[in-house]
Amino acid sequence: MNNTAIDNKNEQKITLKVYRENRGQDSGSHHDTFEVPYKKWTTVLDALLFVKSYMDPSVAIRYSCRMASCGSCGMKINGVPKLACYTKISELETSTIECEPLPNFPIIRDLVTDFSRFFNHHKSMQPYIQTNDSTEVDTNKGTFSFYQSPEDVDKYLQFSYCIKCGLCYSACPTVGTDLNFPGPQALAQQYRYFADTRDESKKRLDIVDDRHGIWRCHFAGSCSKVCPKGVDPALGIQLLRSYMLGISKNDKIPAKKIEINDDDNNNNSSKI
Amino acid sequence: MKEIERPTRNNLEGIGGWLNPSRYGWERISYWFQRLTGVFLLVYFIGHVYETSTIVNGQNAWESFLELTQTLWGHLFLIMVIGASTFHSANGIRLIFTHAGIGLGTPGRPDYPYNPASLNYRQKSGIWIALILAAAAMFYGFNVLFGV
Ligand code: HEM
Ligand code: SF4
Ligand code: FES
């Protein structure tokens with residue numbers, strides 16, 4: 001039995017049309033086409049790696065986990081932002097697959113784009129839990145954990161599944177015309193921390209209340225349409241805006257602190 | 001290595017991004033249409049103010065301007081205005097609610113295949129209803145203007 005994929009005569013083939021450009025050289029851009037064998041389960045990333053292994057090693061791509069977890073393989077596939085590792089060739093149902101760099105991200109080379117601005121927007125949201133309670137960080141005063149009910153967790157859990165892949169940022173029509181707009185990813189993260197009962201920051205709404213801020217969202221919904229993790233950033237943005245408009249009232253009850261007593265004589269004395 | 005600056009540096013989709021609503025489902029079509037009809041209504045509104053202001057030049061000026069709407073193209077333009085304003089108002093009311101976080105569902109625990117709560121059938125139906133109302137209003141307008 002012939003087991004090598006390349007020699008198999010009955011193998012189905014797909015045409016990959018790959019965008020090529022190198023920022024370091026002023027040689028413009030073009031597309032290269034490759035005929036790649038595939039199976040029902042071959043992903044676009046598998047096909048690109050096949051190209052790199054056997055046809056043209058210079059094609060630049062970025063990837064790591066191959067399982068929709070790291071968020072590094074985002075690219076425009078047949079015109080729509082998708083994760084290459086999460087998109088099967090068979091489900092695209094086209095005979096040619098066009099791979100291009102993510103729009104709204106500066107191109108570095110071929111399919112690799114620059115995420116600096118995207119990450120800066122994320123950072124500007126102060127994406128970490130802020131608490132006024134100094135005992136939480138004071139190791140001399142014992143160890144604490146915060147109590148959250150399953151309902152408390154559900155308020156922000158789905159937004160915390162964001163892998164920062166940038167697909168939503170790439171699909172957003174507002175980002176496409178306004179670089180100062182934080183974008184769906186960052187705004188949804190603002191909601192993620194705003195809704196967290198452990199967070200006590202009073203500045204969260206002010207951060208997004210800007211001429212280029214949350215008000216520029218027109219709910220085109222494309223972010224939620226392309227998100228590969230079910231984060232639904234459009235939902236987070238509208239819920240956050242609901243607080244800003246005063247429709248929803250912020251009646252967040254701060255998470256209760258539980259002292260974890262690691263004293264050996266007293267080891268079941270966790271108290272609320 | 002020195003990077004070469006080009007106008008395409010940021011690789012932005014730009015206006016072209018929102019002019020092509022075909023890739024992201026109904027919500028993107030609604031966004032595109034709301035804008036298109038909004039801009040169209042703005043143009044109409046300016047024209048309308050100009051039209052009504054012709055009265056200061058006397059009845060003749062007013063009537064000769066009104067003649068414009070009695071032509072074939074004038075009729076077609078008015079039918080477009082009827083359709084655009086119907087869609088824009090109906091969908092606009094839907095958007096007022098969504099922008100306030102109403103009717104979008106609540107966050108939960110996402111599971112494959114990850115259907116986003118905010119792109120639910122209530123919202124899609126709202127868009128379809130706005131489109132159907134606009135078509136019905138245009139049909140009615142057509143009958144009034146061209147009917148015998
Ligand atoms: C019943 C009357 C109207 C309602 C309920 C309404 C509501 C809305 C809403 C909710 C939006 C979307 C805002 C957003 O996407 O964030 C919008 C957009 C727009 N409207 Fe109206 N509107 C009305 C009448 C008008 C009129 C008469 C004009 C023109 C003179 C107009 C011009 C526009 C424009 C240009 C936009 C596009 C802006 C955008 O994309 O956000 N609207 N309208
Ligand atoms: S919200 Fe979704 S699409 Fe946007 S960066 Fe996070 S995981 Fe990617
Ligand atoms: S390679 Fe990690 S998300 Fe695709």
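Helices (H or I, at least four residues) and strands (E, at least two) are DSSP runs, numbered from the N terminus. The expected span of a helix is 1.5 Å times one less than its number of residues. This is a predicted model, in which local features need pLDDT of at least 70, side-chain atom pairs count only at pLDDT 80 or more, and totals for chains, interfaces and linings use all residues. Residues are numbered from 1 along each chain as its sequence is written, chains are lettered from A and ligands numbered from 1 in the order in which they are written, and side-chain values use heavy atoms, with hydrogens and water left out.

**Stop 1: a helix in chain B**

Select residues 72-99 of chain B, which form helix H4. Helix H4(B) has 28 residues and spans 39 Å from its first C-alpha to its last, close to the 40 Å expected at 1.5 Å a residue. Now colour its buried residues (buried means under 20% relative accessible area, exposed over 50%, partly exposed in between; 1.4 Å probe, protein chains only). Among them are B:Gly74, B:Ile79, B:Ala84, B:Phe87, B:Asn91 and B:Leu95. An α-helix has 3.6 residues a turn, so residues three or four places apart point the same way. The cover over the buried residues of H4(B) includes helix H9 (233-244) of chain A, as well as helices H2 (26-53) and H5 (121-146) of chain B. Just after H4(B), select B:Gly101, whose phi is positive at about 75 degrees.

**Stop 2: the sheet in chain A**

Move to chain A and show its five strands, which form an open, mixed sheet in the order E2-E1-E5-E3-E4. Two strands pair if DSSP finds at least two bridges between them. Strands E2 (29-38) and E4 (80-83) of chain A are at the edges with a single partner strand each, so one side of each has no neighbour in the sheet. From one strand to the next the twist averages 35 degrees. Axes here are lines fitted to C-alpha atoms, for helices over the stretch in contact, and angles run from 0 to 180 degrees between N-to-C directions.

Start with strand E1 (residues 12-21) of chain A, which is antiparallel to E2(A) and joined to it by 10 bridges. In that pair, A:Lys17 stands opposite A:Thr33. Then select helix H1 (residues 44-54) of chain A, which packs on the sheet and touches E1, E2, E3 (74-77) and E5 (96-100) of chain A. Its direction makes about 105 degrees with that of E2(A). Contact means heavy atoms within 4.5 Å.

E1(A) also pairs with E5(A), in the parallel sense and over four bridges. There, A:Leu16 has A:Ile97 as its bridge partner.

**Stop 3**

Next, select A:Ala84, in the loop between E4 and helix H2 (89-92) of chain A. A:Ala84 is buried because its relative accessibility is 0%. A:Cys73 is 11 residues away in sequence and 5.6 Å away in space, C-alpha to C-alpha. Leaving out residues up to four places away in sequence, A:Ala84 touches A:Thr43, A:Val44, A:Leu45, A:Cys73, A:Met75 and A:Ile77.

**Stop 4: two domains**

Colour chain A by domain: domain 1 is 3-113 and domain 2 is 116-256, with bounds from an automatic or database domain assignment. Their centres, taken over C-alpha atoms, are 32 Å apart. At the boundary, 16 residues of domain 1 of chain A are in contact with 16 residues of domain 2 of chain A.
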